[in-house]
Amino acid sequence: MESISVQRRAELARASRDTRKLELHDYYGADKEDLKLFLAGDLDAVDASYRQWAAKVAEKERDGRHLRRVRLVSEPLSDYQRMSLRYSGSAVDAGEDLRWLPRRLASTVLLPGNDMFVLDGRLAMFNVLDGNGERADIQFTDDPAAVARCLEIFEAAYSAAIPHHEYRPV
């Protein structure tokens, strides 16, 4: 496994046609400004931010690039995940295949220690976060055995997860 830069991660992601992403945390520091706005009640600003992501998803879909994402979540949802659930519909409507995996349904799904991306079924990247939800490292592998395991993990999580428009948190 090698560490790569944010720029290299972005290059690899842009070059991929098929991205599968597994998110395992209830909070991500990268979205702390959106969360502050959400908690302050500035919902129009949060909606605008999420619509920017939806526009990127729509552009990727037009280019024949697809994103499948599974979010592992604790219930009741954290404030961060409540925000994500409320505003992710625009990206789903634009083409993102988003599913929610409540921890109550994940007990027998073997998951990695870090968030992961599988790109075009041949590369895997992992976001290593610190205790505050900030990225501490980005790891990369093109080892076929490791990538195959990541694909199996993703597909198991995806199969157990609930499509975005059907998910109702408890």
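In this predicted model, the largest nonpolar core comprises 19 residues. Those with the most contacts inside this core are Leu22, Val70, Leu101, Met116, Cys150, Phe154 and Ala157. Strands S3, S5 and S6 and helix H6 (144–160) each supply at least two of the core residues, and H6 gives the most, with seven. A second, separate core contains nine residues, among them Leu35, Tyr50, Met83 and Tyr87. In soluble globular proteins, nonpolar side chains tend to be buried together.

The strands form an open sheet of eight, with mixed pairing and the order S1-S7-S6-S5-S2-S3-S4-S8. Strand S1 (2–3) and strand S8 (162–163) are the edge strands, each pairing on one side only. Helix H1 (residues 6–15) lies across S5, S6 and strand S7 (135–141), and runs at about 50° to S7.

Strand S3 (residues 66–73) has seven of its eight residues buried and is thus mostly covered. Two parallel pairings involve this strand. With strand S2 (residues 18–23), S3 pairs over six bridges, and Arg20 has Arg68 of S3 as its bridge partner. With S4, S3 likewise pairs in the parallel sense over six bridges; here the bridge partner of Val70 is Arg99.

Strand S5 (residues 115–119) is also mostly covered, with five of its five residues buried. In a regular strand the side chains alternate between the two faces of the sheet. In S5, Asp115, Phe117 and Leu119 are on one side and Met116 and Val118 on the other, and the burial of these residues leaves both faces of the strand covered. S5 pairs with S2 in the antiparallel sense over four bridges, and Arg20 stands opposite Val118 in this pairing. The antiparallel strands S5 and S6 (residues 123–129) are joined by five bridges. In S6, Asn127 is the bridge partner of Asp115, while Leu123 stands opposite Leu119. The hairpin of S5 and S6 has three residues between the strands, and within this hairpin Asp120 takes a positive phi near 55°.

Side chains of opposite charge can pair when their charged atoms come close. The model contains 14 salt bridges. One of these joins Glu23 to Lys21, with an N to O distance of 3.2 Å. Glu23 is buried because its relative accessible area is 7%, and Lys21 counts as buried because its relative accessibility is 13%, given that buried means under 20%. Lys21 and Glu23 are also linked with Arg69, Arg71 and Glu96 in a network of salt bridges.

A second pair, Glu155 and Arg68, meets in a salt bridge of 3.1 Å, N to O. Glu155 belongs to helix H6 and Arg68 to strand S3, so this pair ties together parts that are 87 residues apart in sequence. Glu155 counts as partly exposed at 27% relative accessibility, whereas Arg68 counts as buried at 17%.

Arg99, in strand S4 (residues 97–102), presents another arrangement. This residue is buried yet has no salt bridge. The nearest side chain of opposite charge is that of Asp97, 4.0 Å away. Not counting residues up to four places away in sequence, Arg99 touches Arg69, Val70, Arg71, Tyr158, Ala161, Ile162, Pro163 and His164.

Gly95 is located in the loop between helix H5 (89–94) and S4. With a relative accessible area of 30%, Gly95 is partly exposed. Apart from neighbours within four places in sequence, Gly95 is in contact with Val57, Glu61 and Leu67. Gly95 and Leu67 are 28 residues apart along the chain, and their C-alpha atoms are separated by 7.8 Å.

Note on methods:
Residues numbered from 1 in each chain as written. Predicted model: local features only at pLDDT ≥ 70, side-chain atom pairs only at ≥ 80, totals over all residues. Heavy atoms only, no water. Buried < 20%, exposed > 50% of the residue type's maximum accessible area, 1.4 Å probe, protein only. Lys, Arg positive; Asp, Glu negative; His and termini not counted. Contact = heavy atoms within 4.5 Å. Pairing = 2+ DSSP bridges. Axes fitted to C-alpha atoms, helices over the stretch in contact; angles between N-to-C directions. Core = buried A, V, L, I, M, F, W, Y, C linked by side-chain atoms within 4.5 Å.
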